[in-house]
Amino acid sequence: MTEATTSHFIHQIIVNDRAAGKHGGRVATRFPPEPNGYLHLGHAKSICLNFGLAREFAGNCDLRYDDTNPAKEEQEYVDAIQNDVLWLGFEWNNLRHTSDYFEVLYLCAEKLVRDGKAFVCDLSAEEVREYRGTLTAPGRNSPFRDRTPEENLDLFRRMRAGEFADGARTLRAKIDMASGNINMRDPTIYRIRNVAHQNTGDAWKIYPMYDYAHCVSDAVEGITHSLCTLEFEDHRPLYDWFLDQLDLMNHAELIEPMRRAGLAGTPSRPQQIEFARGNLDYTVMSKRKLMALVNENLVDGWDDPRMPTLAGVRRRGFPPAAIRAFWERAGVTKQNSVIEFSVLENSVREVLDASAPRRMAVLDPLKLVITNLDEGHDETIEFANHPKNADFGARRVPFSRELWIERDDFAEVPPKGFHRLVPNGEVRLRNVGIVRCVDVVKNDDGSVREVHCTLDPETRHGMPGADRKVKGTIHWVSAKHAIEAEVRLYDRLFMVADPDDTSDGKTYAEHLNADSKRVVRGFLEPLLAEAEPEASVQFERLGYFVADRHDHSRAKPVFNRTVTLRDSYATK
């Protein structure tokens, strides 16, 4: 879709359309999010697909807000969606809103009324559901279905004027109440909503339904390939029915409001194509459930690094290149499936392994004192910034008599296979030399406070014993030079692979992982004080981390764990 194009069925459709001269050889797509929440990783698949195909075929992709439900839409979401698309690495051709076309949509609805293809219905929402029928039984005609076009037009105009209360009347298409496809059973086109709109204010009292607004918006924007997820497959006959009845390419008067607003192009006859949505285990993708997690304070907002929102994974430190590569490899099919979250994490590791400089940090500190160095000992040691890429250069790391090491790098009673520091045992300090543990200092409760070691000077860099072999190498941070930082250790938000599965009698919220966020105070090599927000690094032997995009500063360093060095879930 982006870095390396993979052929899939939609790609082949476009290739065949261009070869046949369909749509004049043009490719125009759109990404049409509803601004009622933050985008998530599933949306990223659609973003990569729509923008990626437009880019590959030298076409255009519009960002169009499906803002037809003002009661649930907010400017915060409008802004967040634009930020997410740009962060993923894409730019839209036109930034549009369905509300830009409200006057066009209204004129199109009047055409349907005049042509006898739509009527004003007085049934309540509950009565409409009752009349609709079931999958095995046909529906019944509304008692208001046979109103004359003149009567319908009068009522529809009065609906627009705000004469009726919410829910009192709807405008419905007149199709076939006996259709085997329930979507074709006289669907609603407009409903009354006396609600202010985030883009149009109080100008409208009626708002179009998605199935109607979507296809008309595609057509007036000149979209050629309208890519939707599989749940819209049964809606495609309705999509085509509206376009057939309106024939926008031959009714220029319907798009006159767009011409006056300077938005008009050449209308198209778009084709809807469906593909399987992107699903991942160990998470939920329902906007309603994500909204509940936020509203019930079960997470720390839409951009909580545990959330599958694009704002969340960005704050977690997932590189956009990793997300693009992940969906590229996942492919595009018509078969619904669930992809393991670990596959995405491996894409993240792959990108960060190549791009993240290395640094040392200690997150569960234990003091190590090198007793055969002077108390004032102070030197710097050169470290490569990246072991696989000399272009990253080198850095100078301070070294002193007292160091911090990871507590689990020392064991008084080592388990089988333990190759780190033990009493009277030896281990190599990274880029320093070999130390031997000669004493253990304990607290009153018996816990280890310090380990005292001696450094073998013959094993230091450039000395004859530098190549002497020991089984373990551990990292360290100079105690007197280290910076103290808040480090947030994030894990998966849910404990089970399918949080939506209620067969055990539990809701998705009851499957939340209580250990999905731990906050520790760590000691970091001093160069990390200079890290800018959103800078990614590898803490050697610990994982990949990112400076928090909001909370991190020189005065108060804050790092989030992006991902461990290896898939800990595979180990489990």
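Contact here means heavy atoms within 4.5 Å. The structure is a predicted model, in which local features need pLDDT of at least 70 and side-chain atom pairs count only at pLDDT 80 or more, while totals for chains, interfaces and linings use all residues. Residues are numbered from 1 along each chain as its sequence is written, and side-chain values use heavy atoms, with hydrogens and water left out.

View 1. Helices (H or I, at least four residues) and strands (E, at least two) are DSSP runs, numbered from the N terminus. Asparagine 50 counts as buried because its relative accessibility is 0%, buried being under 20% relative accessible area, exposed over 50% and partly exposed in between (1.4 Å probe, protein chains only). Apart from neighbours within four places in sequence, asparagine 50 is in contact with Thr29, Arg30, Cys61 and Leu227.

**View 2. Crossing of helices H2 and H12.** The axes of H2 (residues 41-56) and H12 (residues 320-330) come within 10 Å and cross at roughly 75°. H2 is therefore roughly perpendicular to H12 (angles under 35 degrees count as roughly parallel, over 145 as roughly antiparallel, 65 to 115 as roughly perpendicular and the rest as oblique). Axes are lines fitted to C-alpha atoms, for helices over the stretch in contact, with angles from 0 to 180 degrees between N-to-C directions. From H2, Leu41, Gly42, Ala44, Lys45 and Cys48 meet Ile323, Arg324 and Trp327 of H12.

**View 3. Histidine 377 in the loop between strands S12 (365-370) and S13 (378-384).** Histidine 377 touches Phe399, Ser400, Arg401 and Lys480, residues up to four places away in sequence not being counted. Between histidine 377 and arginine 401, 24 residues apart in sequence, the C-alpha to C-alpha distance is 5.8 Å.
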